[in-house]
Amino acid sequence: MRFECQPGCTECCRQQGFVYLSEADLVRAARFVGMSAARFERKYVYRTRNRLRLRIPRGAHCHFLRDSGCGIHPAKPTQCRIFPFWPELVDKPRAWAKTAAYCPGIGQGPLIQIQSARAQAEEMRQEHPKLYP
Ligand code: SF4
């Protein structure tokens, strides 16, 4: 598989869906914006019984999405950093091809070894065990 994120593109941030956070993601993002984790959570996070996700009003985009890209890029959630090497996409040619319909980075750049893609998918599983039981 080939993949290289394309400069200036924010298509993955504009897709419908949830941005899940691990507890570590929450702490890292809060620190990056200069807030306590508790305050960041109150302002930006929706916590259910077993999941955390960014509050994104229906029909809106991520609060941190800027015209120039992710506003918390150095501290962005694991889910965003690892995309498109998510467990539900790696080793799933049809899902990968469907994702390529909106991600122009798929099919570009150097060859990515499948072991490397799987390692990233595994990191996602480890970070979100409740999403990938
Ligand atoms: S859609 Fe693909 S190319 Fe565009 S920002 Fe996301 S990962 Fe990068």
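Colleague: Is Gly17 buried or exposed?
Modeller: This is a predicted model. Gly17 sits in the loop between strand S1 (2-3) and strand S2 (20-21). Its count is 9 C-beta neighbours inside 10 Å. The cut-off is 12 or fewer, so Gly17 is exposed.

Colleague: What distance separates the C-alpha atoms of Gly17 and Ala117?
Modeller: Gly17 and Ala117 are 100 residues apart along the chain. Between their C-alpha atoms the separation is 22 Å.

Colleague: Which residues surround the ligand, and how many of the shell are charged?
Modeller: The ligand has around it Cys5, Gln6, Cys9, Thr10, Glu11, Cys12, Phe83, Cys103, Pro104 and Gly105. By class, 6 of the shell residues are nonpolar and 3 are polar. The charged count is 1.

Colleague: How do H1 and H2 lie relative to each other: roughly parallel or roughly perpendicular?
Modeller: Helix H1 covers residues 23-32, and helix H2 covers residues 37-44. Their axes are 9 Å apart and cross at an angle of about 100 degrees. Angles of 65 to 115 degrees count as roughly perpendicular. H1 is therefore, relative to H2, roughly perpendicular.

Colleague: Which residues of H2 does H1 meet?
Modeller: The H1 side supplies Leu26, Val27, Ala29 and Ala30. By class, the contact of H1 with H2 has 6 nonpolar, no polar and 1 charged residues. On the H2 side, the partners are Ala37, Phe40 and Glu41.

Colleague: Which strands are the edge strands of the open sheet?
Modeller: The sheet has 3 strands, in the order S2-S4-S3, with antiparallel pairing. An edge strand pairs on one side only. The edge strands are S2 and S3 (45-47).

Colleague: Which residue in S4 stands opposite Val45?
Modeller: S3 pairs with strand S4 (residues 52-54) in the antiparallel sense. That pairing runs over 3 bridges. Opposite Val45 stands Leu54.

Colleague: Which residues does Tyr46 touch, not counting those up to four places away in sequence?
Modeller: Tyr46 lies in strand S3. It is partly exposed, because 13 other C-beta atoms are within 10 Å. The C-alpha atoms of Tyr46 and Arg28 are separated by 16 Å, at 18 residues apart along the chain. With residues up to four places away not counted, Tyr46 touches Arg53 and Arg55.

Colleague: Where is His63, and which residues is it in contact with, leaving aside neighbours within four places in sequence?
Modeller: His63 is in the loop between S4 and strand S5 (65-66). It has 14 other C-beta atoms within 10 Å, so it counts as partly exposed. His63 and Arg47 are 16 residues apart along the chain, and their C-alpha atoms are separated by 16 Å. Leaving aside neighbours within four places, the contacts of His63 are Tyr44 and Leu54.

Colleague: Is the peptide bond from Phe83 to Pro84 cis or trans?
Modeller: Pro84 is in the loop between helix H3 (78-82) and helix H4 (93-100). The bond from Phe83 to Pro84 has omega near 5 degrees. The bond is cis.

Colleague: What is phi of Asp91?
Modeller: Asp91 is also found in the loop between H3 and H4. It is partly exposed, because 13 other C-beta atoms lie within 10 Å. Its phi is positive, in a residue other than glycine. The value for Asp91 is near 70 degrees.

How values were computed: Residues numbered from 1 in each chain as written. Predicted model: local features only at pLDDT ≥ 70, side-chain atom pairs only at ≥ 80, totals over all residues. Helix = DSSP H or I, 4+ residues; strand = E, 2+ residues; numbered from the N terminus. Buried ≥ 20, exposed ≤ 12 C-beta atoms within 10 Å, placed from the backbone. Near = placed C-beta within 6 Å. Nonpolar A, V, L, I, M, F, W, Y, C, P; charged D, E, K, R; others polar. Axes fitted to C-alpha atoms, helices over the stretch in contact; angles between N-to-C directions. Parallel < 35°, antiparallel > 145°, perpendicular 65-115°, else oblique. Contact = placed C-beta atoms within 7 Å. Pairing = 2+ DSSP bridges.
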